[in-house]
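Please open your viewer and walk along with me.

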Amino acid sequence: MLLQIITPPSSSLSPSSPPFIKPISTVRSTPPPPPMSGFESRVSLVLALASQTATRSQRFVADLVGEVARYAAPRRRFESGSLEEALMIVPDLESVEFKVLRSRDRYEIREVEPYFIAETTMPGRGGFDFYGSSQSFNVLAEYLFGKNEVQEKMDMTTPVITRRTISDGEKMEMTTPVITKKSDEETWQMSFVMPSKYGANLPLPKDPSVRIKKVPKHIIAVVAFSGFVTDGEVAVRELKLRDDLKADAEFQIKGGAMVEVSQYNPPFTLPFTRRNEIALEVEWRKAIS
């Protein structure tokens, strides 16, 4: 630091007024950093991308943990008609709205409100094989979690519905998120029920194999059961439900109705606490005059 001696003006100068000293700051210019080499630039870019990826991965893991917690959290929303049903649990997720019209000894009649679905065709010839179900579920999950035109993450819903249909497999009438429907060509459709807050204003999927459809209000007969779903189990329970509905004085099976299977729980749920349902669309019987 340099010092400068300042002498006061003569008008104000007195014999006892000594000169005062004012420090003079010295500015030292910092030389610019040397240019980065190509190798250093690449290393810096890799480190920045790694940091960004780690942050995104942490957010993804946090979101995944949150979704799993919601999916695994039990929430009872069905009346228990038997000990088997009393042990069943369903996740704390949005589901299709319905009203119970009748409660029979072995089945229930429900009026289901309209809802929207995202649907895709399953590979293979089975409705419950692990490969086909997993692949189709992943396609729909990608759409739900951001693979859409606005890259918006939507909430998961429940249940998963597997549906057999006749050849005009475009018509959808049933409940809740993942619907699998089978046509005469041995194809199945898996569907997710969309969160109700979007209504018809759902993001368009980027994957052309995903289709958005509206399911109208309809009436179904439902039987609940626990355990893991198999083709044999579905066939036995469908036959029993069809026989029971023949004796119903108020409702009859709608022409062309095919069985739908709803699964409410993730794979890690204990078999005796799982809730599955088979359903057939029905209609009011016409009064005989």
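This is a predicted model: local features need pLDDT of at least 70, side-chain atom pairs count only at pLDDT 80 or more; totals for chains, interfaces and linings use all residues.

Residues are numbered from 1 along each chain as its sequence is written, and side-chain values use heavy atoms, with hydrogens and water left out.

**Stop one: the cores.** Select Tyr143, Phe192, Met194 and Leu202, the residues with the most contacts inside the largest nonpolar core, which has 18 residues. A nonpolar core is a set of buried Ala, Val, Leu, Ile, Met, Phe, Trp, Tyr and Cys residues joined through side-chain atoms within 4.5 Å. Buried means under 20% relative accessible area, exposed over 50%, and partly exposed in between (1.4 Å probe, protein chains only). Now color strand S5 (115-122), helix H3 (130-144) and strand S8 (188-193), the elements that give two or more residues to this core. H3 supplies the largest share, 5 residues. Helices (H or I, at least four residues) and strands (E, at least two) are DSSP runs, numbered from the N terminus.

For a second, separate core, of 17 residues, pick out Tyr107, Val229, Val234 and Leu241, which are among its members.

**Stop two: Met194.** Which residues does Met194 touch, leaving aside its neighbours within four places in sequence? They are Phe116, Ile117, Ala118, Tyr143, Leu144, Thr157 and Leu202. Contact here means heavy atoms within 4.5 Å.

**Stop three: the ring pairs.** There are 2 aromatic pairs to find. Rings of Phe, Tyr and Trp (its six-membered ring) pair if their centres lie within 6.5 Å; planes under 30 degrees apart count as stacked, over 60 as edge-to-face and the rest as tilted.

Select Phe137 and Phe192: this pair is edge-to-face, 5.0 Å centre to centre with 65° between the planes. Phe137 lies in helix H3 and Phe192 in strand S8, so the pair ties together parts that are 55 residues apart in sequence. Phe137 is partly exposed at 29% relative accessibility, whereas Phe192 is buried at 1%.

Next, select Phe251 and Trp284, whose ring centres are 4.2 Å apart with planes at 40°, so the pair is tilted. Phe251 is in strand S11 (residues 251-253) and Trp284 in strand S13 (residues 276-284). Phe251 is buried at 0%, while Trp284 is partly exposed at 44%.

**Last stop: Ser191.** Ser191 sits in strand S8 and is buried, at 0% relative accessibility. From Ser191 to Arg163 the distance is 9.4 Å, C-alpha to C-alpha.
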